[in-house]
Amino acid sequence: MSNNLNGLDVFDISDKTNPTLVENYALTIVGNRAYEITFDGDRAYLATRRGPRILNINDPTDISEIGRFNTGFIANHIASDIAVDGNYLYITRGGDRGLTIIDITNPAVPTQ
């Protein structure tokens, strides 16, 4: 799996000389961009310009969104890194703009 500016790509690498794209989770909001990604079990956490997306990756050929949180980041405040630890998602913002902590105890309704 890898993030691209427009979402998340999943590749089958069973033949390492010929990776094959098997799924693309595309961001649907115009102007949104994906910057970083982290994984925890069957979930992927995608840091986007508008905030984190929590994705179910249990079936890599059928990725679905579990939840999202709008951080209100704008151009120079975009997410620069993302990490998950237990029930918390940590997002740093570029240009020394700080840290946002999201409670993902209920991943369908994350809260700051």
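Of the contacts in the protein chain with a separation of 6 or more, 31% join residues 24 or more positions apart, a contact being a pair with heavy atoms within 4.5 Å. The model is predicted, so local features need pLDDT of at least 70 and side-chain atom pairs count only at pLDDT 80 or more, while totals for chains, interfaces and linings use all residues. Residues are numbered from 1 along each chain as its sequence is written, and side-chain values use heavy atoms, with hydrogens and water left out.

The protein chain holds ten strands and zero helices; here strands are DSSP runs of E with at least two residues, helices are runs of H or I with at least four, and both are numbered from the N terminus. Buried residues, meaning those under 20% relative accessible area with a 1.4 Å probe and protein chains only, make up 35% of the 112 residues.

Turning to the strands, an open sheet of four has the order β4-β5-β6-β7 with antiparallel pairing, where two strands pair if DSSP finds at least two bridges between them. Its edge strands, β4 (34-40) and β7 (64-68), each pair on one side only. Six bridges link β4 to β5 (residues 43-48) in the antiparallel sense, and A34 has T48 in β5 as its bridge partner.

A closer look at P110 places this residue in the segment after β10 (98-103). P110 counts as buried because its relative accessible area is 8%. Leaving aside neighbours within four places in sequence, P110 is in contact with I54, R68, F69, I102, D103 and I104. P110 and N70, 40 residues apart in sequence, lie 9.5 Å apart in space, C-alpha to C-alpha.

Key
Buried means under 20% relative accessible area, exposed over 50%, partly exposed in between (1.4 Å probe, protein chains only).
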